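Hi,

Here is the model I promised to pass along. Have a look at it first, and then read on for what turned up.

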Amino acid sequence: MNAIRQAQNAYGQTNHPIRTTRGTEYEAVARITHRLKSAAERQPFSMVELAGAVNENRELWTLFATQVADGDNPLPKDLRARIFYLAEFTTQHSRKVLARQAGTDPLIEINTAIMRGLRDGSNAK
């Protein structure tokens, strides 16, 4: 590959849109929610797939909890508290899902509500 072609590739137009923080969060929640749904509906059932999806969802919610616990977080205090509560609920419910004592529907519903909020508020930032 010659130098001109390398420069064109390095500085040329990309096909990837620039995402906002909100858009990045939406994509992460959407991807994990899809993974949870797929694992829950998989036939034959795969505990490995379900455990991976639940763990990834729990990691995401741990990240959200860490972000909203930060005193410099710009979200309103009430919203931060509600998100932190959802993170705690997600952790507790995930344990029940992994113990086969509960289903994934509440986790999927919470994520869907968060995606709706991120999408509806997309013009806010």
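**Where H3 meets H4**

On the H3 side of this contact are Met47, Leu50, Ala51, Val54, Asn57, Arg58, Trp61, Phe64, Ala65, Val68 and Ala69, and they meet Arg80, Ile83, Phe84, Leu86, Ala87, Thr90, Thr91, Ser94, Arg95, Val97 and Leu98 in H4. Sorted by class, the residues of the contact of H3 with H4 come to 15 nonpolar, four polar and three charged. The axes of H3 and H4 come within 9 Å and cross at roughly 160°. Angles over 145 degrees count as roughly antiparallel, so H3 and H4 are roughly antiparallel to each other. Their crossing is left-handed.

Before going further, please keep in mind that this is a predicted model.

**The overall picture**

The protein chain has five helices and zero strands, which reads along the sequence as α-α-α-α-α. It has 125 residues, and 28% of them count as buried. If you take the contacts in the protein chain with a separation of 6 or more, residues 24 or more positions apart account for 57% of them.

**H2 and its two partners**

H2 covers residues 21-41 and H3 covers residues 47-69; their axes come within 8 Å and cross at roughly 150°. That angle is over the 145-degree cut-off, so H2 and H3 are roughly antiparallel too. H2 passes H3 in a left-handed crossing. From H2, the residues involved are Glu25, Ala28, Val29, Arg31, Ile32, Arg35, Leu36, Ser38 and Ala39, and they meet Glu49, Leu50, Gly52, Ala53, Val54, Glu56, Asn57, Leu60, Phe64 and Gln67 in H3. By class, the contact of H2 with H3 has ten nonpolar, four polar and five charged residues.

The other partner is H5. The axes of H2 and H5 come within 9 Å, with a crossing angle of roughly 155°, and H2 and H5 are therefore roughly antiparallel to each other. This crossing is left-handed as well. Arg22, Glu25, Tyr26, Val29, Ala30, Ile32, Thr33, Leu36 and Lys37 of H2 make the contact with Leu107, Ile108, Asn111, Thr112, Ile114, Met115, Gly117, Leu118 and Arg119 of H5. The contact of H2 with H5 has ten nonpolar, four polar and four charged residues.

Two residues are handy for finding your way around here:

- Met115 sits in helix H5. Is it buried or exposed? Its relative accessible area is 12%, and the cut-off for buried is under 20%, so Met115 is buried. Leaving aside neighbours within four places in sequence, Met115 is in contact with Tyr26, Val29, Ala30 and Thr33. The C-alpha atoms of Met115 and Thr33 are separated by 9.5 Å, although the two are 82 residues apart along the chain.
- His34 is in helix H2. With a relative accessible area of 53%, His34 is exposed.

In soluble globular proteins, nonpolar side chains tend to be buried together. The largest nonpolar core here has 14 residues, of which Val29, Leu60, Trp61, Phe64, Ile83 and Ile114 touch the most other members. Two or more residues come from each of H2, H3, helix H4 (77-98) and helix H5 (105-120). H3 gives the most to this core, with five residues. Apart from it lies another core, of eight residues, including Ala39, Ala53, Val54 and Val97.

Phe64 is worth a click: leaving aside its neighbours within four places in sequence, Phe64 is in contact with Glu25, Val29 and Ile83.

Most residues other than glycine have a negative phi, and most peptide bonds are trans. Where does the model depart from that? The peptide bond from Gln43 to Pro44 is cis, with omega near 0°, and Pro44 is in the loop between H2 and H3. Then there is Arg100, whose phi is near 60°, a positive value in a residue other than glycine. Arg100 lies in the loop between H4 and H5, and at 57% relative accessibility Arg100 counts as exposed.

Cheers

Conventions. Residues numbered from 1 in each chain as written. Predicted model: local features only at pLDDT ≥ 70, side-chain atom pairs only at ≥ 80, totals over all residues. Heavy atoms only, no water. Axes fitted to C-alpha atoms, helices over the stretch in contact; angles between N-to-C directions. Helix = DSSP H or I, 4+ residues; strand = E, 2+ residues; numbered from the N terminus. Parallel < 35°, antiparallel > 145°, perpendicular 65-115°, else oblique. Left-handed = near helix turned anticlockwise from the far one by under 90°. Contact = heavy atoms within 4.5 Å. Nonpolar A, V, L, I, M, F, W, Y, C, P; charged D, E, K, R; others polar. Core = buried A, V, L, I, M, F, W, Y, C linked by side-chain atoms within 4.5 Å. Buried < 20%, exposed > 50% of the residue type's maximum accessible area, 1.4 Å probe, protein only.
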